[in-house]
Amino acid sequence: MNEQLRRAPSPDLLSRFAAIVGDRYAITDPVALEPFLIEGRGLYHGRTSMLLRPGSVAEVQAIVKLANETRTAVVPQGGNTGLVGGQIPMEGEIILSLTRLDKIREIDPATNAMTCEAGVVLQKAQEAAEAVDRLFPLSLGSEGSCTIGGNLSTNAGGTGAVAYGIARDLMLGVEVVLADGRLMNLLSKLKKNNTGYDLRHIFVGAEGTLGIITAATIKLFPRPRAVETAFIGVPSPAAAVKLLNLAQARAGGTVTSFELIVRDVIEFAIKYGHGVREFLATKHPWYVLMEVSSQNAEGLRESVEALLAEAIEQDLVGDATITASIEQTKALWHMRHILPEVQKPEGGSIKHDVSVPIAAVPDFLAEASAAVQAFIPGSRPVPFGHLGDGNMHFNVSQPIGADQEAFLARWAEVNAVVDKIVLKYQGSISAEHGIGMLKRKSLPKVKDPVAMELMRGLKQMLDPNGILNPGKVL
């Protein structure tokens with residue numbers, strides 16, 4: 001990192017930054033800054049002397065240009081929902097909040113494209129698509145506060161990836177402010193554009209270390225005419241994988257979500273989650289939350305019923321229910337989305353956002369569970385996640401009655417145990433949350449060394465003064 005990098009700008013320099021956005025949008029009050037300095041898991045608490053909220057792309061350019069000229073470090077931030085610390089200023093960097101860039105510039109339903117500024121909240125983008133009878137399928141538990149810019153910067157995944165892909169797959173074009181303040185406009189709506197190197201995707205998943213995304217053109221899809229949601233008790237992850245394959249072949253529509261959930265975390269949700277109840281008459285060791293969508297308005301429910309009947313005959317399913325109302329569907333998804341939160345009352349939880357090939361998920365879960373329980377006797381694996389794309393949130397709750405601080409102090413050790421098994425199955429130690437601070441030291445251990453060299457070279461070329469989100473990813 002550049003030795004002259006400023007992480008604590010002088011009062012005079014802060015005044016120059018404030019003049020770009022106006023005093024109203026240059027926040028220095030410690031109380032007002034506090035919500036921007038912490039992240040949801042409480043692992044990181046940062047510090048800063050100023051947060052800037054530009055209201056235009058030109059203001060973003062001016063801020064970044066001044067930062068580059070004065071060697072002042074900046075940390076871009078969207079909705080502050082990231083889970084690996086990538087959006088937190090750890091050493092006094094200025095926060096560059098993109099939340100005022102919240103305009104939807106264009107919706108083109110004929111082309112199935114929408115251009116959003118970086119600060120557009122994901123839920124607002126979903127609603128704008130719905131208003132023109134289209135679907136933007138990215139769906140996350142934090143969709144009421146996370147932003148399109150943050151989704152792309154972290155390459156967010158979510159529950160719809162099995163059918164529609166992750167954030168990178170949903171982007172057609174991008175607008176980026178580079179480290180020297182120049183604006184690169186690649187906001188094309190074209191699916192075919194074979195004009196030299198495709199530079200769009202190096203900024204997706206880069207967590208603001210290579211440039212600052214200010215807008216993006218995203219893909220829309222026709223809205224399904226029928227959607228059925230089922231909650232299914234299954235005997236094992238292996239049975240769930242077979243059910244997934246059967247559903248994709250026989251469901252009469254597109255499997256748009258396929259979530260695998262262990263019973264233990266369902267118990268947490270019933271105990272601590274508001275309004276959560278049992279959805280099936282009997283308890284099962286594992287559950288699947290499945291959504292199937294179709295462009296045909298009729299026949300989907302009958303198709304899903306036939307699928308489940310066949311799965312019961314094959315001993316893949318113990319019991320199942322198909323929701324009969326929007327309220328029931330919302331209740332199921334509410335339960336799914338609060339699973340990370342309901343682990344907190346049980347004490348410390350060491351998290352793993354990993355992926356392995358779908359066929360390897362059962363063996364990975366069995367081996368990783370046995371390994372962490374042997375490593376810390378009494379620890380409680382509570383895995384859940386997106387079986388449809390092999391992404392498991394393999395979380396480990398502390399032993400009952402254990403010291404929470406002492407348990408969490410072993411975070412890196414437990415990660416090492418699990419990561420070793422992930423790599424055995426040719427998986428990834430970061431499926432959808434990114435690298436940030438949390439996995440920065442682990443990345444060189446799992447990434448191809450030539451790829452790491454190229455990543456460092458890109459960083460040096462695009463941000464030679466190291467002003468953009470220093471200390472993250474690399």
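Predicted model: local features only at pLDDT ≥ 70, side-chain atom pairs only at ≥ 80, totals over all residues.

Mentor: Let's take helix pairs, then backbone angles, then salt bridges.

Trainee: Okay, how do the axes of H1 and H3 cross?

Mentor: Helix H1 covers residues 11-21 and helix H3 residues 57-69; their axes come within 9 Å and cross at roughly 165 degrees. Axes here are lines fitted to C-alpha atoms, for helices over the stretch in contact, with angles running from 0 to 180 degrees between N-to-C directions. Helices (H or I, at least four residues) and strands (E, at least two) are DSSP runs, numbered from the N terminus.

Trainee: So is H1 roughly parallel or antiparallel to H3?

Mentor: H1 is roughly antiparallel to H3. Angles over 145 degrees count as that, under 35 as roughly parallel, 65 to 115 as roughly perpendicular and the rest as oblique.

Trainee: Which residues of H1 meet H3?

Mentor: Leu-13, Arg-16, Phe-17, Ile-20 and Val-21 of H1 meet Glu-59, Ala-62, Ile-63, Leu-66 and Ala-67 of H3, where contact means heavy atoms within 4.5 Å. By class, the contact of H1 with H3 has eight nonpolar, no polar and two charged residues. Ala, Val, Leu, Ile, Met, Phe, Trp, Tyr, Cys and Pro count as nonpolar, Asp, Glu, Lys and Arg as charged, and the others, Gly among them, as polar.

Trainee: And how do H12 and H14 cross?

Mentor: The axes of H12 (residues 361-375) and H14 (residues 411-424) come within 10 Å and cross at roughly 155 degrees. That makes H12 roughly antiparallel to H14, and H12 passes H14 in a right-handed crossing. The contact residues include Phe-364 and Phe-375 of H12, and Glu-413 and Ile-421 of H14.

Trainee: Switching topic: what is the phi of Asn-80?

Mentor: Asn-80 has a positive phi of about 55 degrees, although it is not a glycine. Asn-80 sits in the loop between strands E3 (74-77) and E4 (94-97).

Trainee: Is Asn-80 buried or exposed?

Mentor: Asn-80 is buried, with a relative accessible area of 16%. Buried means under 20% relative accessible area, exposed over 50%, partly exposed in between (1.4 Å probe, protein chains only). Asn-155 has a positive phi of about 55 degrees too, and at 10% relative accessibility it counts as buried.

Trainee: How many salt bridges are there?

Mentor: The count comes to 20 salt bridges, each a side-chain nitrogen of Lys or Arg within 4 Å of a carboxyl oxygen of Asp or Glu. In one of them, Glu-228 meets Arg-301 at 3.0 Å, N to O. That pair links distant parts of the chain, 73 residues apart: Glu-228 is in strand E12 and Arg-301 in helix H9.

Trainee: What about Lys-459 and Asp-463?

Mentor: Their side chains meet in a salt bridge at 2.7 Å, N to O. Lys-459 is buried at 14%, and Asp-463 is buried at 2%.

How values were computed: Residues numbered from 1 in each chain as written. Heavy atoms only, no water. Left-handed = near helix turned anticlockwise from the far one by under 90°.
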